[in-house]
Amino acid sequence: MQLDEFFVTGEPLIYAGMVSIVLVTAAIIFVLTYFKRWGWLWREWLTTVDHKKIGIMYILSALAMLFRGGMDALMMRVQLAFPGMDFLGSQHYNEIFTTHGTVMIIFMAMPFLIGLMNVIVPLQIGARDVAFPALNALSFWSFLFGALLFNISFVIGGSPDAGWTSYTPLAGAAMSPGPGQNFYLMGLQLSGIGTLATGINFMVTIIKMRAPGMKMFQMPIFTWSTLVTAFIIVFAFPILTVALALMTIDRVFGSQFFTLTGEGLPMMWANLFWMWGHPEVYIVILPAFGIFSEVIATFARKQLFGYKAMVWSMILIAGLSFLVWVHHFFTMGAGAFVNSVFSVSTMLIAVPTGVKIFNWLATLYKSKIQFTVANLWALAFIPSFVIGGVTGVMLGMAAADYQFHNSYFLVAHFHYVLIAGTVFACFAGLVYWYPKMFGHKLNERLGKISFWFFLIGFHVCFFPQYFVGLDGMPRRVFSIIPEWMPLNVISTVGAFGMGLGFAIFVYNIYYSYRYSEREKTGDSWDGRTLEWATPTPVPFYNFATVPHVNSHDAFIEMKEKGETTFDEEKVEPIHMPSNTGQPIIMMGIAGIASFGLVFEWMWMAIAGLIGLVVMMGVRSFDYDDGFHVEVDEIKRTERKARGL
Amino acid sequence: MSSHELKTGPLEYRTQQGQMNILGFWIFLGAEIVLFSTLFATYAVLFGRTADAPLPGELFEPGSVLIMTFLLLTSSFTCGIAIHEMRRGSKKGLITWMIITLALGLGFIGLEIEEFIHYAHEGATLQSSAYWSGFFILAGTHGLHVTVGIGWAILLLIQIAKRGLTPVTSRKFFIISLYWHFLDVVWIFLFTSIYLIGMVV
Amino acid sequence: MAEHNKRIPVQHIVGFVLSLVLTLLAAWAALRSDLSTFWIITSIMILAVIQAGIQLFMFMHMTESESHNGHVPWNMMFHGFVLAAIVVAGSLFTMSFGHDHDPQHNGGHEQHQQQEEHSGGH
């Protein structure tokens, strides 16, 4: 392979990308070296097993990915507003809509939510870390190296261009030769392993590590949503693992699963992809529901209405999520009976979702609503998500779907559910728990400005797309006819409004870091659940003494009784896990092996694989049992944190 | 992270961490069921799509497949005995029965490799058709699992020789026994739905 | 279960003998019996499920109370098998494209196969 085949050439935008990557990397290396921070970075972050730090790293990476996916989106919108200007060529456009979708779902939405789970769930259940802290670090590094591998594709080797769904035979070796599609396969495979590990980790954490007395039906609702999500992850991700592996074997080793030769069956890919893909949709929406429930209950100053109905509806949604996958390819050509079965099961999902909507409304009903930024995101979610949900039922009717399929109507629908659901929840959750993570609130005024820009931009961007879709505009086209122009221009204006909202949000992070008042207590919003019982910043062991829980608003009860998480008489030495460099090294090696497979350099893939096996052996022989925090140290830390 | 240790019951369950690791492994096995079922689904959907390659009924031989099945069934039994010995507190019994288990596992892998080579000579390879791709990947994934299990068990045998029976080492052996029995469960379905059905149809 | 301290693991031996017998029975049903293909497939699949149960309950200690893990292992296995049924039967159902209009007969693969050979158009 020549050097000019290795690097992507010929596009000014990509050259600019290369230059900025080099400059940013150089700047980071310079800053770390100049301020002598390498040791600090390694000790405090790269080898950490602390769930709070891992969560923060997840969220920061997800924000970076949101920026990357957002830039992709803006480029697409510019192209569609000025289709004759040759801003993007057709090939470049194909690559950008592929990476936009993949980055947003796999490397933005999931890590953002998993980051929030990491920080909050152990605090909500009164645990001192997750069940397997080193595995948790491994999950993060597998996601990060997977994301890096995928993102590097646009300067090295070329990006995948077969859509985020990568349907075969288009994505097969015959029609998409070269490393592009392999980047998709290996990037997702690597990060998918980490996601599966996270699912197992959180299930065990929630089942085994709850505070004494906390029954399952007394867990905070966000913890419940995490448990249900973890369950879906455990049962859905292996399907993706297999599907990706089969396509990789097709492309690299010449098997015939999804090919047009050897009696392969290309639509089997779609079948497997959506068997994972539909549960995946609920993996990114259920935690969002959990976040909104927490935020709405806190700022309505009321107990969540219909707690049990909320939990059962989530469980029902989880079950149904495995029974509807065919609605993504109704137009495959299956007979009426197959489509009808999945049409009915699809519409059933609207029932538990509707239950949740009414429960949120009932929680708000006759309450003193506080219009904080976090709550604004939650309140904006309800009507926006309903628009997305109702159009989803329209798409779920198989006969009607033949009209909507692959049009901008579909594009508008899934952006309405994914942005109004998942992205709003990410913002709401980040704003809400920000003081717990960083010791100060985000500025409310800037927060409101960014909220309104983003919300109005969102509706201006996507509402017209329903109509341009009904006018017949298909998705994934880089050129349009004149009749579709006006609505596309409006849509582009909205997209830039969202971009501006995001920019203000990021500026707010800097502004608040400089100017916000520091938190004095741990209870920033007069909270209801245990995470607010810890001091801010949270000590690395979380709870000096774990309270006994009797109700599902555990912290409300503690406040009434005057209890804290520091009961001097009951302090005992606390056992904590040691930091370890094994996860980052192991996943770094896995990243190298994956890179080798992307370019089909077998020597590199095999060497990486051997390295991985050796690291597993090292891990197996590691009997490090962690350390104990002594009573004196706990008392000192707590007194300082609580100003006693 | 409580480090309280129970005084009774099997060693592997005495610490909270031991219970959690075993529970985590059960959950992982749940994921493994779905992983294999996806491979089974692919195999089943691609059944009959042999193109120009030989039909499975022409190549499968009941004799060698039955021998492989008995090897694996027996290894699952001896693995159970190993854990039984471990719970009686016999390190020597555990090691002996575990080595027998691994020997049976190696026999299984040897026969499977021989079988694959034989099919390749007859013109049925990973590349020859959709059906044979499905066959080799499904059976191969199981074989790979057995191979990984053998390597893993050898690492654990070294650890137990050095450290003896502790809550940690017995937890590790209990977990690998779950893994080994699970591979037998998968093989039962492989034997039934690939070989028996392949020879009937 | 006071099983642990016994010299001879009765449960394991019973399980082993049962699994050998069931395997031979399945092989006999498939290779030597006069049953129709449909009944062969149905019966050997049932035998396989029973054998899986023997492994899980008699060898893997799935339900022992000393684990302090309650019903969770059982629960995961149960849902795993439910998912397996959905994935396998659902894939066969979907990828038959519904040209076989009677889902009751989806027990065996061969009907699908024949349907596809006749009407799949390849």
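1. In chain A, the axes of helix H5 (residues 90-124) and helix H7 (residues 179-208) come within 12 Å and cross at roughly 20°. Axes are lines fitted to C-alpha atoms, for helices over the stretch in contact, with angles from 0 to 180 degrees between N-to-C directions. H5(A) and H7(A) are therefore roughly parallel to each other (angles under 35 degrees). Helices here are DSSP runs (H or I, at least four residues), numbered from the N terminus.

2. This is a predicted model: local features need pLDDT of at least 70, side-chain atom pairs count only at pLDDT 80 or more, and totals for chains, interfaces and linings use all residues. Residues are numbered from 1 along each chain as its sequence is written, while chains are lettered from A and ligands numbered from 1 in the order written.

3. Which residues make the contact between H5(A) and H7(A)? Among them are Ile106(A), Met110(A) and Ile114(A) of H5(A), and Leu188(A), Ser191(A) and Thr195(A) of H7(A). Contact requires C-beta atoms, placed from the backbone, within 7 Å. The contact residues divide into 10 nonpolar, 5 polar and no charged. Nonpolar covers Ala, Val, Leu, Ile, Met, Phe, Trp, Tyr, Cys and Pro; charged covers Asp, Glu, Lys and Arg; the others, Gly among them, are polar.

4. Chain A has 20 helices and 2 strands (strands: E, at least two residues). Its C-alpha trace spans about 75 × 60 × 45 Å along the principal axes.

5. Elsewhere, 43 residues of chain B are in contact with 46 residues of chain C. H1(B) gives the most to the chain B side, with 15 residues. That side divides into 28 nonpolar, 12 polar and 3 charged residues.

Notes:
Two residues are in contact if their C-beta atoms, placed from the backbone, lie within 7 Å. Angles under 35 degrees count as roughly parallel, over 145 as roughly antiparallel, 65 to 115 as roughly perpendicular and the rest as oblique.
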